[in-house]
Amino acid sequence: MSETLPLLLVQMGHPPTDIRAAVGEQPDWFKAALGDVGPIKVVCPFEGERLPAAGTFSGAVISGSWAMVTDHEEWSERTANWLREIIGAGVPVLGVCYGHQLMAYALGGAVDYHPQGSEVGQIAVSLNDAARHDPLLEGLPNSFDTFLSHEQSVLTLPSCAVVLAASSHDPHQIIRYSSTALSVQFHPEFSAPVMNKIITSRSERVAMKGKDRDALLAAVSDTPFSRAILQKFVASL
C-alpha cells in the first residue's frame, strides 16, 4: 500500500446493535482481515461525513450495509455519484456486498431483491474463463468458499461490466468495471465468528426465513481465498 496516502474505508452503515455488541464494527472486521497495512481512514457518509477527493487516498473499499440500495438514501446516492467520479478518474476501488451493488448501480446497472430470496452462509463461488488473468484473481482455485449475507443482488449489469464469478444462487458474484474497479458480492472481511453471529442474530430473521440455521452454522469454517482478494487489492495500492 502507498506509504504516503491512507487506504479509504467507506463504511456504509452500522451493524445492528446485537451484532455490533458481539463482534464489533465493520472497520474492526476489515482491519483484522488486513493486518498491518499502514494507515486506514474510515469515512461514514451515512453520518453526513464528506467523501474525500481523488488524490487524497491510495484506494477505496466500499463496505457492506444493512440498508438496501433500492432505498435510495441521500447518503447512498451521494456515494454513488462520488463512485462514478473516482472510478472515472482511475482510482482503485473494491466494492463489498452493498458496495458491490452500489458500484453496479452507480455505473448503470440495476439492483433489487433477488427473486429466489437471500443468500446466507459459507458458500462456494466459481470463477469463469474471464477471471483467469485478472490481477486480483490470479492464483485462486477455480472454486472457493466465501461468506455471504445479502437479500439484494445485481440483477442487470452495467454496459462496462465483466462478470468473473458466480454462485449457484447469484450469477454476479465478482464484477470488474475497469482496470482499477472491481466488486464482490461476498464478504472477504468476515471471520467465522462474524458469520456465525449473523446467522444467529435476531436482526437477521427475514434473511434467515426458511433456512436451516444449524446446518448453516455447521458449514462455517474459514474463507482464506476470499480474504486473499481483499488483501491483494490493498497490497497493490
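Predicted model: local features only at pLDDT ≥ 70, side-chain atom pairs only at ≥ 80, totals over all residues.
Visitor: Before we start, what does contact mean here?
Guide: Contact means that heavy atoms lie within 4.5 Å.

Visitor: Good. Which residues is Gln-26 in contact with, leaving aside its neighbours within four places in sequence?
Guide: Gln-26 is in contact with Gln-11, Gly-13, Pro-15, Ser-63, Gly-64 and Trp-66.

Visitor: And where does Gln-26 lie?
Guide: Gln-26 is part of helix α2.

Visitor: Is Gln-26 buried or exposed?
Guide: Gln-26 is buried, because its relative accessible area is 1% and buried means under 20%.

Visitor: What does its side chain reach?
Guide: The side chain of Gln-26 comes to 3.4 Å from the backbone oxygen of Gly-64.

Visitor: Back to the helix. At what angle do α2 and α7 pack?
Guide: Helix α2, residues 26–34, packs with helix α7, residues 224–235, at about 80°, and their axes are 9 Å apart. The two are therefore roughly perpendicular to each other.

Visitor: Which residues make that contact?
Guide: From α2 there are Phe-30, Ala-33 and Leu-34, while α7 brings Arg-227, Leu-230, Gln-231 and Val-234. By class, that gives five nonpolar residues, one polar and one charged.

Visitor: New topic: which residues of α5 are buried?
Guide: In helix α5, residues 192–200, the buried ones are Ala-192, Val-194, Met-195, Ile-198 and Ile-199. Looking down the axis of α5, they fall within an arc of 165°, so they line one face of the helix.

Visitor: What covers them?
Guide: The cover over the buried residues of α5 includes α1, α2, β6, β7 and α6.

Terms used
Residues numbered from 1 in each chain as written. Heavy atoms only, no water. Axes fitted to C-alpha atoms, helices over the stretch in contact; angles between N-to-C directions. Helix = DSSP H or I, 4+ residues; strand = E, 2+ residues; numbered from the N terminus. Parallel < 35°, antiparallel > 145°, perpendicular 65-115°, else oblique. Nonpolar A, V, L, I, M, F, W, Y, C, P; charged D, E, K, R; others polar. Buried < 20%, exposed > 50% of the residue type's maximum accessible area, 1.4 Å probe, protein only. Arc of directions from axis to C-beta. Polar contact = N/O pair within 3.5 Å; in protein donor to acceptor, adjacent residues only side chain to side chain.
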